[in-house]
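Here's a quick walk through the fold, its packing and its pockets. Have the model open beside you as you read.

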Amino acid sequence: MTTAKPLRVGMVGYAFMGAAHSHAWRTAPRFFDLPLQPQLTAVAGRNADGVRAAAEKLGWESVETDWRRLIERDDIDLIDICTPGDTHAEIATAALEAGKHVLCEKPLANSVEEAERMTVLAEAAAKRGVFAMCGFSYRRTPALALAKRMVDEGWLGTIRHVRAQYLQDWLSDENAPMTWRLDKSKSGSGSLGDIGAHSIDAAQWITGQKITGVSALLETFVPERPLAGDLVGLGGHGDIGQDAPLGTVTVDDAAIFSARFDGGAASTGAIGVFEATRYALGRKNAMRLELNGTKASLAFDFEDMNALSFYDAAESPDAGFRRIFVTEPEHPYVGNWWPTGHGLGYEHGFTHQVVDLVTAIGDSRQPEPSFADALQVQRVLAAVESSAANSSQWQKV
């Protein structure tokens, strides 16, 4: 029986991300020693039947049909925001002003202006001991965390190239139905913000360098989609009957941009190439990152998430990349799980996210990525959109 003080969580939203976050809140204290004991106190959703069913399935003690009730409740310490981007700013603002910690899914907001206001509030709240974090969960993938460690330790030397791809195919069927992810008023952007934001955050975090400028191209391949149909996963099967209504897609289907980095602690910055699409047939969740430095190279692909490819020019100049299987107890996070060789999965990143967040709150320090870190990503997203809207002209961030 734990004697740790409880951290009573109220979650808003219970779909894809809500399920992942629920699993993480339940699992983290069972595999990691935490300074606070997470409690799944309440979940909020607009559909009364849906939120009750979700609470029973996912392990929440109570339900609300208005997220404002979570903010008002005295038995809630932290608000976990798992809703579309158009609601992030309002919920996070209310929570911080009420003195509650915040975990907000990415991207932080739907505009730079919203993200700036959220960051100001979060920084003021941190001075009162109330903390906010943005959920860029790929930072907690052990292989990427190991890549970060290796870069920090100087294994790569000066980084010259960054190549980042995030490839999915769930929208490849032009008759897949409309969802909120295809509505700019709700999602902010398409592939760019939904998955490209992860690549931007990971690249900046691992290299320790910020993107300072971009030249971009955005493309919408299918401008209309069925409004009705059956959702399957993120996509599904739309109603394509003769009189079936269609909705207008108002976001990008694919994003490509080149980038320049500021160099961080290095004298010169890297150059980068980014791609995000949900139309890459055969690619299910290929979140890829490759770094080339003056001494070595690293490569990662989430579809092979327990491995990291490493090339050391001095060690084996003619041998090519070697494979590091990231399942050893000295690797980030791994020592709390299974014996060597027994890999982890997608859900573990969210568990590690909870571990890092709860540990930081228990230590009264700012968890990472902060809202300020997420604001930097938001500024890159805005610069990409601005460049694409102006014939790919170079746009400073």
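## A helix and what comes after it

Helices here are DSSP runs of H or I with at least four residues, strands are E runs of at least two, and both are numbered from the N terminus. The helix itself covers residues 88-97, and its buried residues are His88, Ala89, Ile91, Ala92, Ala95 and Leu96. Buried means under 20% relative accessible area, exposed over 50%, and partly exposed in between, using a 1.4 Å probe and protein chains only.

A word on the source: this is a predicted model, where local features need pLDDT of at least 70, side-chain atom pairs count only at pLDDT 80 or more, and totals for chains, interfaces and linings use all residues. Residues are numbered from 1 along each chain as its sequence is written, and side-chain values use heavy atoms, with hydrogens and water left out.

## The sheet

Nine strands make an open, mixed sheet, running β18-β17-β16-β15-β7-β14-β13-β8-β19. Pairing takes at least two DSSP bridges between two strands. β18 (322-325) and β19 (395-396) are the edge strands with a single partner each, so one side of each has no neighbour in the sheet.

Further in, β8 (residues 211-219) runs antiparallel to β13 (residues 254-261), and eight bridges join the pair.

## The cores

The largest nonpolar core holds 79 residues, and Phe274 is among those with the most contacts inside it. A core here is a set of buried Ala, Val, Leu, Ile, Met, Phe, Trp, Tyr and Cys residues joined through side-chain atoms within 4.5 Å. Beyond its neighbours within four places in sequence, Phe274 touches residues including Val162, Ile200, Ile211 and Phe257 (contact means heavy atoms within 4.5 Å). There's also a second, separate core of 31 residues, with Trp25 and Leu58 among them.

## The largest pocket

The largest pocket holds about 1,200 Å³ of space. Its lining counts 49 residues, and Ala15, Cys82, Thr83, Pro84 and Trp180 lie nearest the centre. On a 1 Å grid over the protein atoms alone, a pocket is an open set of points where a 1.4 Å probe fits, with protein on both sides within 12 Å along at least five of seven lines; lining residues have an atom within 4 Å of a point. Points join across faces, edges and corners, and the volume is the space filled by probe spheres set on them.

Which helix gives the most to this lining? That's α8, with four residues.
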